[in-house]
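Please examine the structure shown below. The briefing that follows is arranged by topic.

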Amino acid sequence: MGQEQILFYFFGASVLISALCVVLMRNLVRSIFLFFVTLFCLAALYLFALADFIALSQVVIYAGGVLVLMLFAFMLSSRELLNSIKPAVSGFKVNHLAGILTSILFLFILFRVIIKTNFNQLMWIQKSIPITSNENTAHQIGIHIMTAYLLPFEILSIFLLMVLIGAAHLARKGGKE
Amino acid sequence: MIPVAHFMFISASLFCIGLYAVLTRRNTIQILIGIEFMINAAVLNFVAFGKYDKISGGGQMFALFAIVLAAAGVAVALAIILNVYRYFKSIDPTKTDTLKN
Amino acid sequence: MEVLSFTENTGLIALLVAILPFFSFVFILSSNKQKGANFALSTSALSFLLSLHLFLQIWNAEPEHVQLSWFQVAKVQFFAGVLLNNLSVLMMVLVSGISVLVHIYSREYMKNDPNLNRYWAYLNLFCFSMIGLVISDSLLLIYLFWELVGFSSYLLIGFWFNKNAASQAAKKAFIMNRIGDLGFLIGILIIYAQFQTLDLVSLFGDKGLLSSSFIENGLWISGSRNMPEIWLSIAGFSFFLGAMAKSAQFPLHAWLPDAMEGPTSISSLLHAATMVAAGVFLIARIYSVFDPLVLDIMVWIGAFTAFMAATIALTQNDIKRILAYSTISQLGFMVMALGIGAYSESIFHLTTHAFFKCLLFLAAGSVIHQLHHYSIKNSHGFDYQDIRFMGGLRKRMPFAFLGMCLASAALVGLPLTSGFLSKDSILIRTFEWAASREGVFVILPWIMVLTSWLTAFYIFRLIFRVFFSESREIKLDKLAHINDSPSSMTYVLIILSFFCTFIVFALNPVSFESSWLWKGFQLSVIKETRFFHWLVPLIINLGSILLIMFAYRIYVLDKSSKLTVGSWLYQISIRGWFFNEIYDFMFVKSVEKLAQIIYQFDRVVIDGLVIALATITQLLSSISHWFDRKVVDGLVNATGVFSGYIGRFFRTFQSGRLQHYLITMLLFVLSFFILSYLI
C-alpha cells in the first residue's frame, strides 16, 4: 500500500467518523465545529480525484461561507435559540429506530449496487481519457465555464442573486410588519 | 490509483449518515447539516467520476455548481429557520406543524 | 187450464196456511206492543179456516203435488213443493185446529206473564214449522222443518228460562232430539245415495222408487245402483231413530216428562197433541222405507215404551208428569201399531189422542191455573202441581172435572168415546197380527192389554185424587174461593170434549171400520179375524172398569193398597225405571270422565308440548342471543376495532411531521428496490 492509499483511507475514515460525530453529537456548537473537519477531509478526498479546484472552492465556500453563516445564524440570533437547542429531549424513539433502519437499508442497497458494478468494465470509463495528475484543472474549468457551461453559469449567478435577496429578506429582524 | 468504487463506498456511507441525520434529528440545524452531508456525498461522486471526463469536464463542473447551490440553499434555509424560530419559539421540526396560521 | 189453476190454488193455499203463522211470528217479534195475542189468534184462525178448506177439498180426492225447482247440485235437481194427501191435510187440520184452541186458552192462561209477546212469537213459530213439516214434499224440507220444530220446542220448554229446571229440561230435550235428528240425517243421506232424489212422491209413492227397488242376492237394487241389503235396514232404522226422539220412544223418551216445565198450554199443544206426533207422522209418511226387520224393532220398542211409561205413570205425583208418561205410553201404542202394519189404526189413534190428550192437559192446566192463583193469594207454599195436595175440586170446577172425565174415558177406551174406536182398533189389530206370527210375538197383545188396564188405573187415580177425596192442603172453607177457570178457557174445554166423543169420527159407536177417518187410510194388510172384534174390547173394558173401581176403593174410600211407598216396584215406578240415573251414569258420567281425561290430556300433553315448545324457543332464543352478543356483535365490534386500529395505525403516518413522511416515502422506495432484487 503506497503513501497515496494510506492518506486516502485516512481521510475517508476521518470523513465518516467526523460525520457520525456531527450527527450524533448533542451539543450543536460542537457538531458544527466538527462539521469543519468533515468538510476539510472531504476536500482532501477531492484532491485524490484530481479535482484541485473543486477542493479549493469546497474549502472556500463551505468552510469560509456556509459554516461561518451557520455559526452566525444562531450565535447572532437570540439566546433562547441556543438554550432550546441544548437539551434535545432524547430517547430511543420509534422514529429513531425507523430512521436508523432506513439508513442502514439504504446503505446496504447502495453497497450492493457498488459491489455489483464493475467500474472498469463500463464503456464510457474505458473509452474516456482520464485526467492526469500534472494537469491544471482550474484552467480547464475556466474554459468550460465560458464555453460549454456558460448558460448554467449565468443562470446560477442570477439564482445566487435571488438567494441573496431572499435570504436577506427573510432574515430581516422583525421583518413582518 | 484509488479505485472509483472506494470513493463510492465513502460517498454512500456519507450519504447514509446524512440521511440518518435528516430522518432522526430533532434539531433543524442538524437536519440542515445532514442535507449538506448528502450534497457533499453527491459532489464526491461527481468528482470521482469527473476524473474520467477530461474533455467536457462535466463531473467537476457540476460539482462546482452543486457546491454553489448548496451554499445558496444553506443561506436560505438558515433564514427560514430563524423565521420559524421567531414564530414557533422552537426549531424542532416536530413542533412546527402548521404552514399557515 | 181449469185443473191447473185449481192445483196452483191448492198449493198456494197450503203455503199460506204455513206462512201465516210465520208472518205473525215475525210481526210479533218486530213489534213491541202487547197486541200479539189478537194478531196471533186471528192469523191462526185464518190458517185454520184455510186448512179446513183444503181438507174438504183434498180428503179422499186425488193427492195434490205442486213443486218448484229449488236448487241444483251438479246434475241433480232439488225441488221444493207441497204434497197434499189425506195424511197431510189431516195433520194440517189437526195442528191448526188445536193451535187455535190453544191460542184461545192461552190468552187467559198466560195473561199475566210479562213476556207474553215472546210466548206468542214462539207459539207461531212452532205452528209455522209444524204445518211446514206436514205439507213438505221432500225429505230435505221435512228435515229443515223437523229441526225448526225441535228448535221451537226448545224455546217453548225453556220459556221460563230463569227457572233452572226449565232451562235444564229445554237443554235435555234439545240434546236428545239431536240424537234423533242425526239418525234422520243419516237416513236421508242413505236414501239420497241410493236414489239420487229426496222427493217424497217419486220415492214413496205407489209406483215410487222404493217400491220398485228390490233385494236380490243380498243386494239392495234400484235401477242401476245397488248397495248391500243391510243399508236398507240401516236407513229404516235411522229414520225410526229420528221418529223415536221426536215421539219420545224408549230409549230417547226421558226428555218428555222434563219438558213439562214449559207452560201447560204448550205441553198440551206440543208435547201431547202435535209435535210428539211428528215422529209417528214421519213414519207414516215414509212408510215404505221400513223393511220387516225394522218393523219388528218398531213393534218391540213401541210396546216396551207403552208398557214402561204406563208403569211409571202409576206412581207419579206431579199432575203433568202423569199426563206426560201417559202421552209416551200412547205414542208407544201408535208406533207399535205402525210396526205391525196397522197404518190407518195408528193414524186414527193419533188423531183421537191429539184431542183427548189436549183436553186432559188443558183441564189439568185449568186446575193448576186456579190453584196457582189460590196459592199466591193465600201465600201457601205448596206445590200446586202435586196431586197429593189436591182433592175435592169436583164441585168447585165442574167443567174441568167433566172434561177430564170424558178425556180419561177416551184414554182408557171406554165405549162411546173416540178412544174406544181408535185404541181398541189397535189392540184388535195386534191380536190379529200376533195370531199370524209365532213364538214370542204371542205375548205382545197381552202386554198391550196390560198396558191398557194400567192406563185405566193411573188416569183414574189422578181423577180421584184431584177431584174426589178431600184435599190434604186446602181447607174446605177455603175451597169456596176456587172456581172454574174463566169462560174462554172453559169453552175450549167444552169444544175439545165434543171431539172426544165417538160421534165426530164414526156414526156407529162400536165399529171402527165405520169411521170415515179409518177409511181414509186403507193400507192395513193384516188378516182380519172377526172373533177378536168383539172379544178384545170386552176384555179391555171389563178389566178397565174393575181397575177403576179398585182405584176408587184406594183413593176415594182411602183403603190401603199393596203398592206401598217402600216396595221396590214402587221405587222403580216412581223413579221412572231409573232411566235418568242410568243415562246419568252411562252418558253424563262417562262424558264427564272423558272430559276429565281430555282435560288431563290437555293439561299434561298439549300444555306440556306448548310449554316444552316455549322452553325450547326460549332456549334457542337465549342461544341466539348469546350468539348475537358474542359472535355477531363481536364480529361487528371486531370490524370496528380493527378499523380503529388500522385507522390509528395509519394516523401515525399522517402525523404532520416531515420526518415521518420522509421515512415512509423512503421505506416505500426501498421496498421497491428490495422487491426488484428479490424477484
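Among contacts in chain B between residues at least 6 apart in sequence, what percentage join residues at least 24 apart? The share is 41%, where two residues are in contact if their C-beta atoms, placed from the backbone, lie within 7 Å. This is a predicted model, in which local features need pLDDT of at least 70, side-chain atom pairs count only at pLDDT 80 or more, and totals for chains, interfaces and linings use all residues. Residues are numbered from 1 along each chain as its sequence is written, while chains are lettered from A and ligands numbered from 1 in the order in which they are written.

**Chain B**
- Chain B contains 3 helices and 0 strands, helices being DSSP runs of H or I with at least four residues and strands runs of E with at least two, numbered from the N terminus.
- Of the 101 residues in chain B, 61% are buried (20 or more other C-beta atoms within 10 Å of the residue's own; exposed means 12 or fewer, and partly exposed lies in between, with C-beta atoms placed from the backbone).

**Nonpolar cores**
- A nonpolar core is a set of buried Ala, Val, Leu, Ile, Met, Phe, Trp, Tyr and Cys residues joined through C-beta atoms within 7 Å.
- The largest has 204 residues, and C:Val280 and C:Leu359 have the most contacts inside it.
- Helix α15 (residues 343-377) of chain C gives the most to this core, with 17 residues.

**C:Ile297**
- C:Ile297 lies in helix α13 (residues 292-313) of chain C.
- C:Ile297 counts as partly exposed because it has 17 C-beta neighbours inside 10 Å.
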